[in-house]
Amino acid sequence: MNALQHPWVVAIAVLYALALIVSVPALIRRARRGILVALCLFGLAFALNTTLIVARWTEAGRPPFKTLFETMIFYPWCTGLVTLTLIALRRLMVLIPFASAVSVMGLAYALIRPDVELVLMPPALQSAWFVPHVVTYFMSYAALFASFALAMVALYAERREGRLALAGGGTVGGGGPRNAAGWQAHAHGAAIFGVITLTAGLVMGAVWGKYAWGDYWGWDPKESWALVTWLAYVIYLHLRLMDGWHGRRAMVVLVCSFAAVVFTYLGMSMLPTADGSLHVYQ
Amino acid sequence: MTHPVQEACLPATPSQSTARPLPSTFRPSFISCTLLLVMLWALAIAGGRVGRAVAVAPAGEAMLPVGIAIALGALVVAVCWSMRRTLYLALTSLHFSVVLLGALMLGTVAGTLLVQNAAAEEYALRYGEAFAGLALSMGLNDIFHTLGFNALLGILILSLLLVPVRNRAWQLPRWGHLGSHLGIVVILFGGIIGNLSGAKGVLEMREGDTADRFTLTNRQRARLGPETLGFSLVLDDFAIDYYDAIYRLHVYTPRAEDRWEMTGSWEPEVDEDWTPIGNGAKFRVTQVMPDYRSDQVLREVASGQGAAWFTATMEHDHGAHDVRLQAGAPQRDLVTLHGDAGVLRFAWDAPSPAELDAAAEFHPVRHLLDVTAADGATQTLEVEPGGRYELASGERVDVHEYFPHFSYDMETRSGISLSDQPVNPTIRVSVSTDDTVEPPKQWLFAKFPDQVMGAGPDAGGPTLRYRFEAGHAPLPREVLVVGSTREVLRLTDGRLLARAPLDDGLHDLDLADIRVVASAVEETVTGNRSDEWNNPVIHLELADGAHEAGSHVLAANEPVPLRLADGSALVFERRGDDVRSYASTVGVVENGQRVASHVIRVNEPLHWAGFKFYQSNYRKDDPTWTGLQVVKDPGLPVVYIGFLMLALGLTWVYTVRPWLLKRRLGL
């Protein structure tokens with residue numbers, strides 16, 4: 001029995017989709033019960049997602065992070081973990097629809113283009129660095145996604161503030177800050193966690209590269225784009241320290257910087273330099 | 001993640017707020033910082049160009065350019081010094097950092113959009129002659145190692161060294177700032193050290209080879225020359241370890257341009273339920289035999305119902321194989337012995353003296369034509385290929401060709417002979433009545449005398465039948481085993497030389513397990529030998545929309561695709577050999593003494609005396625050959641220290657520092 005057979009993936013995708021459908025109107029109408037239902041659906045989807053990854057790990061006898069298909073199941077899990085953590089710490093229910101939407105997209109891809117059969121681990125990936133490197137990167141990408149989502153909420157909150165100046169209503173339902181500055185701070189916090197893990201992932205990749213190939217840096221397209229992503233967020237960190245770049249503009253930069261993450265993750269095969277790359281998903 | 005309260009405690013612009021007051025009116029902006037970066041970049045490139053030109057100029061001619069370069073350099077330094085405060089403020093400004101990081105980002109992106117380090121022809125092919133020429137002259141084929149990119153890194157180092165000074169980063173709360181900024185400088189310095197005093201190359205060895213030097217290579221992997229190691233490496237063993245063979249049922253679907261994509265994969269498991277393949281097709285496996293065999297075994301039967309058999313095991317240099325001879329069966333009653341021992345033949349009855357005499361005689365090959373004329377008269381002709389013969393009835397027969405082992409080649413649409421052995425003796429003849437008409441040719445088969453290929457006999461013409469008499473030459477050496485008397489006869493040129501009982505008559509022939517069976521039949525026994533996946537065969541039922549369910553036997557070692565109605569194909573096959581590991585077992589030899597052994601694998605390099613050896617290559621056609629990458633990188637510890645400083649510094653900035661500030665504020 002293949003742990004990644006369709007029913008499992010479909011079930012998880014449906015639960016995430018339900019969480020998305022329930023959460024959007026509930027958040028807009030501030031319906032407390034609806035938000036709780038969405039959270040339960042999301043939590044259930046996350047639990048099943050966890051089980052699926054554990055089952056696949058057991059079945060494959062290796063970490064299930066090797067192929068694009070496998071990461072399309074792992075990335076939803078990472079965004080789920082970050083979302084649930086932020087809900088637990090900061091009551092940021094607003095992340096549920098964002099995380100659900102990205103999870104549905106990932107799982108839909110997994111359904112459309114599943115791995116036909118288990119891919120065995122090539123010698124280059126048989127390393128103790130594989131799991132820390134990949135997991136750190138995916139946690140970073142999930143945190144940066146949260147910062148992207150929160151930056152959008154912050155931009156939305158700012159527009160609402162300007163137009164309506166709601167008295168004490170908050171931006172959306174489901175808790176969280178009541179003004180744009182609060183949302184910006186949350187987006188920034190997520191970005192910082194993302195940048196720290198991004199740096200750690202980059203450094204681990206370099207150390208691993210040294211062990212595997214004798215080079216800690218080889219200007220492989222994926223490496224280069226990982227650097228571009230890192231530079232984009234480092235630019236954000238510097239911009240944010242400047243006068244006039246604290247609020248709205250910083251959020252726009254955060255939203256735009258996430259494009260670098262997406263391209264680094266999914267866009268490599270578009271590059272003419274991808275042929276010789278050691279990182280490109282086949 | 002940082003709490004909003006902590007955020008609020010952070011000074012919004014720490015660099016400005018703690019900047020040392022310098023008497024300068026400079027207000028950084030993106031425009032001014034961009035201009036400054038462009039100027040510094042141009043200066044750095046110009047300096048680099050001049051330096052390079054001076055370095056390669058002949059000694060005598062270098063005086064003037066060196067003088068000019070020094071003068072210009074001094075001028076630049078003087079100008080910079082006069083505006084040092086402005087420069088300092090600009091280089092340490094946030095605006096400049098953003099502009100510089102943006103420039104590095106652009107350069108990095110460019111390096112991924114253009115193919116790097118490829119051959120010049122590839123650029124012409126990809127981008128056209130004109131652009132390729134421009135790109136190559138600008139070094140865009142190796143962007144990350146151009147003067148321009150290195151100039152940016154140089155400016156980055158300068159800025160990163162000045163920024164902590166301006167921000168007084170040695171104070172405890174700012175250690176993170178110090179670490180993250182200087183960390184990058186340290187990494188880049190480590191890289192420079194590696195480039196200047198490191199070495200990189202390849203070491204290619206076969207098992208048993210010893211090497212005390214390796215071949216230096218450059219970035220394009222071109223070989224530069226030998227470099228000594230200071231010790232020797234001996235390759236004891238190289239082994240490629242594969243994952244266990246996996247046998248799967250695969251479905252391939254045709255895609256564009258003769259490309260097939262694997263669209264399904266299943267484990268071959270017996271299952272009562274049908275497994276859908278798609279487009280209405282489905283299959284189920286009814287039997288799996290991992291170690292299928294098909295053997296011909298002898299079953300003894302009552303006398304007269306079977307043939308007589310001789311079985312033995314013949315041992316030779318490369319092992320042993322079974323010998324099974326059937327008395328009286330042409331070709332199956334003899335086997336060629338090794339060396340010049342002749343043949344071993346098995347017969348049930350001992351040859352009579354007359355038969356022995358016949359065996360000693362020599363008979364040539366004979367081609368006979370039995371001709372039946374239209375009026376019923378018969379005649380027999382002995383013919384030779386190339387001959388022409390007059391028949392009694394007046395026609396003429398031409399014998400054109402003789403094919404001892406006739407076969408018809410569909411490609412050339414002509415008759416050929418597959419061997420010199422008279423397996424299917426055939427001749428090509430034509431019958432004619434006069435010379436004016438080219439007569440049609442026909443093939444006559446000795447084994448199928450009633451069949452005629454080509455033009456048949458004319459009505460009213462003669463009918464021809466071909467008979468072939470195999471020639472006979474006495475065998476120079478023959479060992480004849482006689483079953484009924486259990487005797488061994490030794491013959492030379494057909495003459496009986498010796499006679500011995502079976503028990504000791506064959507001792508010089510390396511035969512073992514000798515057995516004579518008076519009456520037995522050969523039977524095919526099929527089945528599964530073991531659970532080892534040596535020769536898996538499955539029984540499978542397949543049904544698709546267009547066809548009714550059919551039963552198939554599929555052997556993975558001889559995969560035959562089953563075509564489905566939608567054009568895709570189902571195959572039972574062995575999955576490609578996936579490599580589990582490449583392992584070079586090496587010994588280190590110092591001063592003639594073997595001092596260490598190590599197995600080098602991917603991800604497990606050997607470190608020895610400043611060198612690291614990485615498993616990097618192998619050859620499909622030479623299993624004893626290994627390719628090792630050799631790297632000497634004295635800058636590596638520096639780089640690692642830089643990594644640590646960067647990672648810890650960044651963490652400090654956003655975790656320890658807010659905590660320290662909070663404590664200081666008494667929150």
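The exercises below, each with a worked solution, concern the helices, strands, domains and chain contact of a predicted model.

Local features are reported here at pLDDT of at least 70 and side-chain atom pairs at pLDDT 80 or more, whereas totals for chains, interfaces and linings use all residues. Residues are numbered from 1 along each chain as its sequence is written, and chains are lettered from A and ligands numbered from 1 in the order in which they are written.

**Exercise 1. Domains of chain A**

Task: State into which domains chain A is divided, and describe the contact of domain 1 with domain 2.

Solution.
- Step 1. Chain A comprises domain 1 (1–116) and domain 2 (127–282); such bounds come from an automatic or database domain assignment.
- Step 2. The centres of these two domains of chain A, taken over C-alpha atoms, are separated by 20 Å.
- Step 3. Domain 1 of chain A contributes 27 residues to the contact and domain 2 of chain A contributes 19 residues; two residues are in contact if their C-beta atoms, placed from the backbone, lie within 7 Å.
- Step 4. On the side of domain 1, at least two residues each come from α1 (6–29), α3 (68–90) and α4 (95–112) of chain A. Helices (H or I, at least four residues) and strands (E, at least two) are DSSP runs, numbered from the N terminus.
- Step 5. With ten residues, α3(A) gives the most to this side of domain 1 of chain A.
- Step 6. By class, this side of domain 1 of chain A has 20 nonpolar, three polar and four charged residues. Ala, Val, Leu, Ile, Met, Phe, Trp, Tyr, Cys and Pro count as nonpolar, Asp, Glu, Lys and Arg as charged, and the others, Gly among them, as polar.

**Exercise 2. Two helix pairs**

Task: Describe how α1(A) packs with α2(A), and how α3(B) packs with α9(B).

Solution.
- Step 1. Two packed helices are described by the angle between their axes and the distance between the axes. Axes are lines fitted to C-alpha atoms, for helices over the stretch in contact, and angles run from 0 to 180 degrees between N-to-C directions.
- Step 2. The axes of α1(A) and α2 (residues 32–60) of chain A come within 8 Å and cross at roughly 160 degrees. The two helices α1(A) and α2(A) are therefore roughly antiparallel; angles under 35 degrees count as roughly parallel, over 145 as roughly antiparallel, 65 to 115 as roughly perpendicular and the rest as oblique.
- Step 3. The crossing of α1(A) and α2(A) is left-handed. A crossing is left-handed if the near helix is turned anticlockwise from the far one by less than a right angle, and right-handed if clockwise.
- Step 4. Among the residues in this contact are A:Trp8, A:Leu15 and A:Val22 of α1(A), together with A:Leu41, A:Phe42 and A:Leu48 of α2(A). The contact of α1(A) with α2(A) has 20 nonpolar, three polar and no charged residues.
- Step 5. In chain B, the axes of α3 (residues 30–56) and α9 (residues 147–166) come within 9 Å and cross at roughly 120 degrees, so α3(B) and α9(B) are oblique to each other. Their crossing is right-handed.
- Step 6. The residues that meet include B:Trp41 and B:Arg49 in α3(B), and B:Leu147 and B:Ile155 in α9(B). The classes in the contact of α3(B) with α9(B) are nine nonpolar, three polar and one charged.

**Exercise 3. Strands of chain B**

Task: Give the strand order of the open sheet that contains β8(B), and trace the pairing of β3(B) with β2(B) and β31(B).

Solution.
- Step 1. The open sheet has four strands in the order β8-β26-β9-β10 (chain B), with antiparallel pairing; two strands pair if DSSP finds at least two bridges between them.
- Step 2. Because β8 (292–300) and β10 (319–326) of chain B stand at the edges, each with a single partner strand, one side of each is left without a neighbour in the sheet. The twist from one strand to the next averages 50 degrees.
- Step 3. Six antiparallel bridges link β9 (residues 307–316) and β26 (residues 511–528) of chain B; B:Thr311 has B:Arg515 in β26(B) as its bridge partner.
- Step 4. Antiparallel strands β2 (residues 210–217) and β3 (residues 223–242) of chain B are joined by seven bridges. They form a hairpin with five residues between them, and B:Arg221 in the turn has a positive phi of about 65 degrees.
- Step 5. β3(B) and β31(B) also run antiparallel, joined by ten bridges; B:Ile240 is paired with B:Tyr582 of β31(B).

**Exercise 4. Contact of the two chains**

Task: State how many residues each chain gives to the contact, and which element supplies the largest share on the side of chain B.

Solution.
- Step 1. Chain B gives 48 residues and chain A gives 45 residues.
- Step 2. Elements that give two or more residues on the side of chain B include β5 (259–266), β31 (579–590) and α13 (636–664).
- Step 3. The largest share of that side, twelve residues, comes from α6(B).
- Step 4. The side of chain B that touches chain A has 27 nonpolar, 16 polar and five charged residues.
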